[in-house]
Amino acid sequence: MKRNILLNPGPATTTDTVKQAQVVPDICPREQEFGQIMADISHDLLKIVHADPKEYSAVLFCGSGTLCMDVCVNSLVPQGKKILFVNNGAYSSRAVDIAKAYGLDYIDLNFPVDGLPDLAKVADVLERESDIAVVYTTHQETGTGILNPIREIGALAHNHGAVFIVDTTSTLAMLPIDIESENIDFCMASAQKGIQAMTGLSYVIGRTAIIEESRDYPVRSYYCNLYLQYDYFRKNGQMHFTPPVQTIYSVQQALKEYFAEGEQVKWQRHQAAMAEIHKGLQELGLREVIPLEIQSGLVAAVAYPDTPQWDFDRVHDYCYERGFTIYPGKMQNQGTFRLCVLGAITADDIKAFFAVFQQALRA
Ligand SMILES: *Cc1c(COP(=O)(O)O)cnc(C)c1O
């Protein structure tokens with residue numbers, strides 16, 4: 001099969017074995033055999049973030065990553081309480097939009113998209129507002145590649161008795177995460193990113209005791225409610241509604257490959273690929289807009305070159321025709337594009353990319 005190198009922020013490049021794992025005999029997902037695959041996947045997901053199965057549960061959903069943002073925001077805010085968003089980018093803004101859509105009482109604590117949130121301001125809001133039951137932020141703001149200080153934000157949330165939700169969609173299974181020491185109560189991801197499987201399965205990993213408590217919270221969505229999905233799987237060993245059957249086979253294979261590669265080796269592979277991106281950009285005199293110290297190491301946001309000849313679409317098309325996908329930026333005030341290293345790619349793939357990218361610029 002033709003191998004495309006996806007430098008977009010997910011879906012990511014997958015291995016042939018993961019692609020082929022989807023081609024299986026037809027099966028009704030209500031069979032016990034299939035329920036067991038989902039139970040094993042849930043168990044493996046806990047392992048990835050080093051979560052104690054006595055304390056945490058993984059709850060599977062059918063949909064893309066945004067579905068889990070929706071689930072966490074709509075399911076974990078008790079009646080009459082508020083959710084505080086620590087927002088320095090497009091993905092936290094998306095979570096704010098979800099809160100708005102559900103008519104939740106929320107505080108959108110906004111920070112510039114090219115820097116870290118000011119923790120003193122977060123502490124200040126938590127001090128002033130008494131009704132905040134949930135604090136939400138994004139681990140890596142995928143639009144810029146900024147890595148947020150979740151451990152510190154989580155500590156502030158916990159000091160005020162609030163539940164801490166982190167969108168880890170673009171870090172989980174890439175950057176090593178220890179759920180408990182990072183102060184995470186709930187995190188989430190989707191199969192097409194860190195674990196290098198297919199789009200269609202997403203998951204919330206969170207504290208079982210809090211999920212149980214949320215049984216008494218308002219049910220704001222029928223399809224996307226955390227407690228209902230958790231409870232149905234616990235009682236029946238099945239998702240409530242039809243799961244993405246073939247995607248789940250790809251996830252089973254991808255998890256096998258994840259554990260075979262190993263957490264640290266995989267992270268080193270991503271870092272080596274990103275080091276090659278930094279080097280390639282520097283050689284071309286292209287500027288990254290986020291300081292290295294606050295980057296995740298998974299996404300580079302690159303300023304458009306200051307020349308009237310620059311044309312992102314033409315460069316994209318040139319690279320795309322040769323098997324490399326680059327991606328537009330997500331910063332309102334300046335033109336940027338992104339180079340990401342989420343998938344089953346190596347430093348050598350990035351070297352090959354820069355050879356093509358240079359030709360594209362010359363053309
Ligand atoms: C990719 C991503 C999502 C989910 O996006 P979908 O297009 O719904 O899969 C959510 N949060 C972050 C931080 C992401 O990078």
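Which helices each supply at least two residues of the lining of the largest pocket? In this structure, which is a predicted model, the helices in question are H11, spanning 312-321, and H12, spanning 347-362. Of the elements that contribute to this lining, H11 gives the most, with 3 residues. The pocket itself has a volume of about 260 Å³, and a reader who wishes to find it can look for Pro-305, Thr-307, Gln-309, Trp-310 and Asp-311, and then for Arg-314, Val-315, Tyr-318, Ala-360, Leu-361 and Ala-363, which together line it. When these lining residues are sorted by class, 7 are nonpolar, 2 are polar and 2 are charged.

The ligand, however, is to be found in another place, for it sits in the second largest pocket. About 210 Å³ of space lies in this second largest pocket, and its lining is made up of 16 residues, among which Thr-66, Tyr-91, Arg-94, Gln-192 and Lys-193 lie nearest the centre. The elements that give two or more residues to this lining are H3 and H4, and the largest share, 3 residues, comes from H3. By class, the lining of the second largest pocket divides into 5 nonpolar, 6 polar and 5 charged residues.

From the pocket we can turn to the ligand itself and to the shell of residues around it. There are 14 residues that surround the ligand, and the closest of them are Ser-64, Thr-66, Thr-142, Asp-167 and Lys-193. Two helices, H3 (65-75) and H4 (90-101), each supply at least two residues of this shell, and H3 provides the largest share of the shell, with 3 residues. The shell around the ligand has 9 polar residues, together with 3 charged and 2 nonpolar ones.

Gly-65 takes part through its backbone, where an N or O atom lies 3.0 Å from an oxygen atom of the ligand. Taken alone, the ligand would expose 390 Å², and the protein buries 87% of that area.

Sorted by class, the lining of the largest cavity has 5 nonpolar and 2 polar residues, and no charged residue is found in it.

Finally, two details of the backbone deserve a careful look. Most residues other than glycine have a negative phi, and most peptide bonds are trans. Against that background, the reader may notice that a cis peptide bond joins Gly-10 and Pro-11, with an omega of about -10 degrees. Pro-11 belongs to the loop that runs between strand E1 (5-6) and helix H1 (16-20).

How values were computed
Residues numbered from 1 in each chain as written. Predicted model: local features only at pLDDT ≥ 70, side-chain atom pairs only at ≥ 80, totals over all residues. Heavy atoms only, no water. Near = heavy atom within 4 Å. Polar contact = N/O pair within 3.5 Å; in protein donor to acceptor, adjacent residues only side chain to side chain. Areas by Shrake-Rupley, 256 points an atom, 1.4 Å probe, with all protein chains shown as cover. 1 Å grid on protein atoms, 1.4 Å probe; cavity = no way out; pocket = protein on both sides within 12 Å on 5 of 7 lines; lining within 4 Å. Sits in = over half its atoms within 2 Å of the grid points. Helix = DSSP H or I, 4+ residues; strand = E, 2+ residues; numbered from the N terminus. Nonpolar A, V, L, I, M, F, W, Y, C, P; charged D, E, K, R; others polar. Points joined across faces, edges and corners; volume = space filled by probe spheres on them.
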